[in-house]
Amino acid sequence: MSVLRTGVVQQRCSEDKAANLAASIEGIREAAAMGARLVVLQELHGTPYFCQVEDPDCFDLAEPIPGPSSDILGAVAAELGVVIVASLFERRAAGLYHNTAVVLEADGSIAGIYRKMHIPDDPAYYEKFYFTPGDIGFEPIDTSVGRLGVLVCWDQWYPEAARLMAMAGADMLIYPTAIGWAPSEPEDEQLRQRDAWEISMRGHAVANGLPVICANRTGFEAHPYEESGLEFWGGSFVVGPQGEMLSVAAADEQSVMVVDVDLGRSEAVRRMWPFLRDRRIDMYDELTLRYRD
């Protein structure tokens, strides 16, 4: 079946981890009821976005994989017969943590994981304090609905990551994200940031001839110690292999979006625009440099 009905869950998150997970599951059920066979959740959907601060106590939010959340989501996947892409704060070992996407197969088993490779460290996004960069590489995860090229948030700015997933045979690119702005930023700057975010991922779709699915969180999350915070802008979207917008969620509300994604179009698009054929791999050695002076 080349057409894959795909669900995207966009939600607000609170300090209540159990309530966040329950909201994710409610969204999965709603998507499955509308016929979705693949459901994508946003980055770190089980917790608040704790990376606004550097606080060692936040490591208590992490859990192993397999672990409580993946077990619960696996049971939901098996019950509904859907593939789920979830995003968890992984405790791999004492003092070793990752920002990890886990893919649950429709029978409830873990099909695979992806550990976020690019880790930001910006004001209000202090992820390097918490997350060790991934060590699995850019390998698609085989499932009953296709080969999923799962990446996470900050990875969305790197064409190399999307390209390597495409070269490894991904049928689609999937980005759980948690991106927003400080409400104090000027409106024109906010719009530029959101446009850049969307354009970047649409560009990955075009350059690789693949559909792209992005699930972003929504709602205001206050800073724990200051009168500030982040306004996550939502706007989850799905695009086709020419970057065409198939569906986009509202900017400021929780939603469940279900979209039919034609995986067969990638073959036709790549025949018209054979970017993979025309790559000059004999000239790309310098891509491994930090910067070319």
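1. By residue class, the lining of the second largest pocket is made up of 15 nonpolar, seven polar and five charged residues; the structure discussed here is a predicted model, and totals for pocket linings in it use all residues.

2. The volume of this second largest pocket comes to about 420 Å³. Its lining consists of 27 residues, of which Asp122, Pro123, Tyr125, Gly180 and Leu230 are the closest to the pocket centre.

3. As for secondary structure, strand E7 (125-126), strand E11 (180-181) and strand E14 (229-233) are the elements that give two or more residues to the lining of the second largest pocket. Among these strands, E14 gives the most, with three residues.

4. Turning to the largest pocket, its volume is about 660 Å³. A total of 20 residues line the largest pocket, and those closest to its centre are Tyr158, Pro159, Glu160, Ala161 and Leu287.

5. By class, the lining of the largest pocket holds 10 nonpolar residues, together with five polar and five charged ones. For the second largest pocket, to return to the opening point, the corresponding counts are 15 nonpolar, seven polar and five charged.

Conventions: Residues are numbered from 1 along each chain as its sequence is written. This is a predicted model: local features need pLDDT of at least 70, side-chain atom pairs count only at pLDDT 80 or more; totals for chains, interfaces and linings use all residues. Side-chain values use heavy atoms; hydrogens and water are left out. On a 1 Å grid over the protein atoms alone, a cavity is a set of points where a 1.4 Å probe fits but cannot get out, and a pocket is an open set with protein on both sides within 12 Å along at least five of seven lines; lining residues have an atom within 4 Å of a point. Grid points are joined across faces, edges and corners, and a volume is the space filled by probe spheres set on the points. Ala, Val, Leu, Ile, Met, Phe, Trp, Tyr, Cys and Pro count as nonpolar, Asp, Glu, Lys and Arg as charged, and the others, Gly among them, as polar. Helices (H or I, at least four residues) and strands (E, at least two) are DSSP runs, numbered from the N terminus.
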